[in-house]
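The following explanation leads the reader through one structure, from its overall makeup to individual pairs of side chains. Please keep the sequence and the model in view while reading.

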Amino acid sequence: MPALSASTRQNVVQLPTAAQAMPEDALMLLARARNAAFAEAARGNLGQGLGILQDALEDEPMSHELLADMGALLLVAGRHDQAAQCAERALKIHPDHGPSLYTLGFALSGRGQKKQAIEVLSALKAGPAADSLRAESPELMPVAMTELQRLLG
């Protein structure tokens with residue numbers, strides 16, 4: 001488990017991921033929903049993108065990937081409180097999910113919670129969370145480390 005505060009660790013429960021129990025067709029539908037949501041956001045339709053993810057979450061509420069995507073879109077929109085909430089929900093399902101830790105770290109930083117942001121982003125330096133971020137979004141690793149250095153500096 002990444003180095004999180006005691007209160008955050010108390011709330012984290014390892015549950016099976018949605019992907020582990022889903023047939024291939026369902027995984028394909030989730031991938032399409034995620035892609036459509038990001039396409040809408042890229043066109044400037046953030047609300048529509050979030051709506052697509054919300055609809056998909058109603059079908060797959062235990063999908064840490066959908067929660068992580070929703071958090072990422074909210075983070076880009078500067079909605080730090082909501083981004084942090086999505087990331088925390090994703091981390092309850094998959095505690096070492098690197099992209100969710102990334103979103104949570106930046107959301108905390110954006111809210112001025114420097115100490116907590118350092119704690120979360122530090123979990124991305126090595127271990128399973130770092131491996132997860134490198135596997136799913138390798139381009140975010142240098143951004144996370146730059147933000148961590150900025151916060152430490």
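**A guided reading of the model**

Of the 153 residues of the protein chain, 43% count as buried. The model is a predicted one. It contains nine helices and zero strands. The chain exposes about 7,900 Å², and carbon and sulfur atoms supply 53% of that area. Among contacts between residues at least 6 apart in sequence, 56% join residues at least 24 apart.

The interior may be considered next. In soluble globular proteins, nonpolar side chains tend to be buried together. Here the largest nonpolar core has 39 residues, and those with the most contacts inside it are Met70, Leu101, Tyr102, Leu104, Leu121 and Leu124. Several helices each supply at least two residues of this core, including helix H2 (24-42), helix H4 (64-76) and helix H9 (140-152). Helix H5 gives the most to this core, with seven residues.

The ring centres of Tyr102 and Phe106 are 4.5 Å apart and the ring planes stand at 35°, so the pair is tilted. Tyr102 and Phe106 are separated by about one helical turn because they lie four residues apart in helix H6. Both residues are buried.

The loop between helix H5 (80-93) and helix H6 (98-110) holds Pro95. Pro95 counts as buried because its relative accessibility is 5%, below the 20% limit. Pro95 and His64 are 31 residues apart in sequence, while their C-alpha atoms are 9.7 Å apart in space.

Charged side chains remain to be examined. Side chains of opposite charge can pair when their charged atoms come close. The count of salt bridges comes to five. In one of them, Arg34 is joined to Asp69, with the closest N and O atoms 2.4 Å apart. This pair links distant parts of the chain, since Arg34 lies in helix H2 and Asp69 in helix H4, 35 residues apart. Arg34 is partly exposed, with a relative accessible area of 26%, whereas Asp69 is buried at 8%.

The closest N and O atoms of Glu147 and Arg150 are 2.8 Å apart. Glu147 is buried, with a relative accessible area of 11%, whereas Arg150 counts as exposed at 52% relative accessibility.

How values were computed
Residues numbered from 1 in each chain as written. Predicted model: local features only at pLDDT ≥ 70, side-chain atom pairs only at ≥ 80, totals over all residues. Heavy atoms only, no water. Buried < 20%, exposed > 50% of the residue type's maximum accessible area, 1.4 Å probe, protein only. Contact = heavy atoms within 4.5 Å. Areas by Shrake-Rupley, 256 points an atom, 1.4 Å probe, with all protein chains shown as cover. Phe/Tyr/Trp six-rings, centres within 6.5 Å; stacked < 30°, edge-to-face > 60°. Core = buried A, V, L, I, M, F, W, Y, C linked by side-chain atoms within 4.5 Å. Salt bridge = Lys/Arg side-chain N within 4 Å of Asp/Glu carboxyl O.
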